[in-house]
Amino acid sequence: MGVIGVQLVVTMVMASVIQKITPHYSFARWLLCNGSLQWYQHPTEEQLQVLAGKQQKAKSKKERKYNGHIETKPLTVPKDINLHLEAKSITEMDTRVLHYFPEYQWLVDFTVCATVVYVITEVYYSLTNPRNEMNISIVWSLLVLIFVFKVLFSLTTHYFKVEEGGERSVCITFGCFFFVKAMAILIVTENYLEFGLETGFANFSGGAVQFLEKQGLQSQGPVSKLTFKMSLAILCGFIGAFLTFPGLRLAQMHLDALNLAKEKLTQTLLHVNFLSPLIMVLLWVKPITKDYIMNPPLGKESIPLMSESTYDSLRLWIIIALCVLRLALIRQHLQAYLNLAQKSIEQMKKEAGRIGTKDLQKMVARVFYYLCVIALQYVAPVIMLLHTTLLLKTLGHHSWGLLSEPSYMSPKEITEASNSVKSSTLVANESKKLTVAQITMALDGLQNVFTPLLFRGLLSFLTWWIAACLFSTSLFGLFYHQYLTIA
């Protein structure tokens, strides 16, 4: 493994940017504080008393209980009060009170830096095509996925802490549902869903057996196929549970954003954005997309429109374009969420009775205080899809080219090249210590175990699964909010 060189410089620069610049110039903070989002302030008790026709000072009535203690009676106002909330733009000072704002800022800013590192690394590899350097953008993308899972786990545990409301039961139910769904999907033949898991696992098992034999160990494989698929199904169950409430929330924001959109173009983009996970899911269904696009039925002869490698590159581009579209529409969805404060007031006016001033203020303020939670539920799945796709391209040795044949090598050619690099490295470094050579041979041997075929199958399935979970939960949320909730 050679010296990282240019990639190390890029990494150090981005680490300095994260440490020195993002606290002052944050992209995550700009998304909220660029003046495009309006939030609603809760009314004060004095304002509520004036609207309710009570001009006296803001005092609460007191009544004496039978045991001699004095209890404070909360102030109440009629629910049909003529109240109109005041809207104002979000400022940096306002973000200090938002729940999960540090987690939101760190995740978005780190993702931006990791994406920049990936783009620079891809340009560097396309210009120099190094053979003995580690692609450091893989580490950045893996860190992004770790942070995303950490944030989603934290949000999910927050729902588990709520004793009332049923959120815990919803997470458990959807987690079990997605676990069973994953087991059913994993037994589907690759004639319909072409992930390449079977080929990748067979390549992984064969490489692992050869590696262990070279180390003097006898083994039939590190893990059985049943254990591999069962572990993958358990992981899929957790991913489905983590994406349950993001999907349900997206459905509600989608409906509210459609009501706010006035232009036909914006409404069309919102519909495409909502259906984007379904489009991603269909990209791996062979009879619907791949077979039809590559070999369309044109009379008696079928002329292939593109090669298999070109279709793989096109699939990557489509996923990235849909992720960019979802990120571009974040303002419309967050504004639709913030408008829930005024929507709740309008709904309250239709009810009879009275409401406490404290309860009314909490009802309005709660919407703004949980803005970053909603923002994380919106951007975290997109970040997962984006960087899983980037890892699929890099670790799976795909190409970005659409018009020409890809320059990447097949797994067999990669293995032969790694063996030649290994032998030339050992010849050039005969004077080095034997232990260093053995470690180098062991690391090179691991490259024959974790091959691009394994990563293609595994990352293709995970990318497809994330999109499938998002579409399933958002579709259920759309049905729930449109047909089951009482308007």
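Figure 1. Phenylalanine 245 is buried, with a relative accessible area of 14%; buried denotes under 20% relative accessible area, exposed over 50% and partly exposed the range in between, with a 1.4 Å probe and protein chains only. The model is predicted: local features require pLDDT of at least 70, side-chain atom pairs count only at pLDDT 80 or more, and totals for chains, interfaces and linings use all residues. Residues are numbered from 1 along each chain as its sequence is written, and side-chain values use heavy atoms, with hydrogens and water left out. The structure holds 24 aromatic pairs, where rings of Phe, Tyr and Trp (its six-membered ring) pair if their centres lie within 6.5 Å, planes under 30 degrees apart being stacked, over 60 edge-to-face and the rest tilted. Phenylalanine 110 and phenylalanine 147 form one of these, an edge-to-face pair with 5.0 Å centre to centre and 85° between the planes. Phenylalanine 110 belongs to helix 4 (residues 101–128) and phenylalanine 147 to helix 5 (residues 137–160), so this pair ties together parts 37 residues apart in sequence. Helices (H or I, at least four residues) are DSSP runs, numbered from the N terminus. Tyrosine 159 and phenylalanine 245 form a stacked pair, 4.0 Å centre to centre with 15° between the planes. This pair links distant parts of the chain, with tyrosine 159 in helix 5 and phenylalanine 245 in helix 9 (residues 244–260), 86 residues apart. Tyrosine 159 is buried as well, at a relative accessible area of 16%.

**Figure 2. The course of helix 16.** Helix 16 (residues 371–395) comprises 25 residues and reaches 36 Å from its first C-alpha to its last, close to the expected 36 Å; the expected span is 1.5 Å times one less than the number of residues. A bend of about 25° occurs at valine 379, and proline 381 follows within four residues; the bend is the angle between axes fitted to the seven residues ending at a residue and the seven starting there. Histidine 397, which follows helix 16, has a positive phi near 55°.

**Figure 3. Leucine 371 in the largest nonpolar core.** This core has 117 residues, and Leu32, Tyr104, Leu360, Leu371, Phe461 and Trp464 touch the most other members. Its largest share, 18 residues, comes from helix 16. A nonpolar core is a set of buried Ala, Val, Leu, Ile, Met, Phe, Trp, Tyr and Cys residues joined through side-chain atoms within 4.5 Å. Beyond four places in sequence, leucine 371 touches residues including Leu32, Ile90 and Tyr337, where contact means heavy atoms within 4.5 Å.

**Figure 4. Threonine 463 and isoleucine 319.** Threonine 463 lies in helix 19 (residues 452–484) and is buried at 2% relative accessible area. Its contacts beyond four places in sequence are Trp284, Ile319, Leu385, Thr388 and Thr389. Isoleucine 319, in helix 12 (residues 308–328), is buried at 0%. The C-alpha atoms of isoleucine 319 and leucine 283 are separated by 9.1 Å, although these residues are 36 apart along the chain.

**Figure 5. Cysteine 236 and its closest cysteine sulfur.** The count of disulfides is zero, a disulfide being a pair of cysteine sulfur atoms within 2.5 Å. The sulfur of cysteine 236 has its closest cysteine sulfur in cysteine 469, 7.0 Å away and therefore too far for a bond. Cysteine 236 is buried at 0% relative accessibility.

Methods. Helix = DSSP H or I, 4+ residues; strand = E, 2+ residues; numbered from the N terminus.
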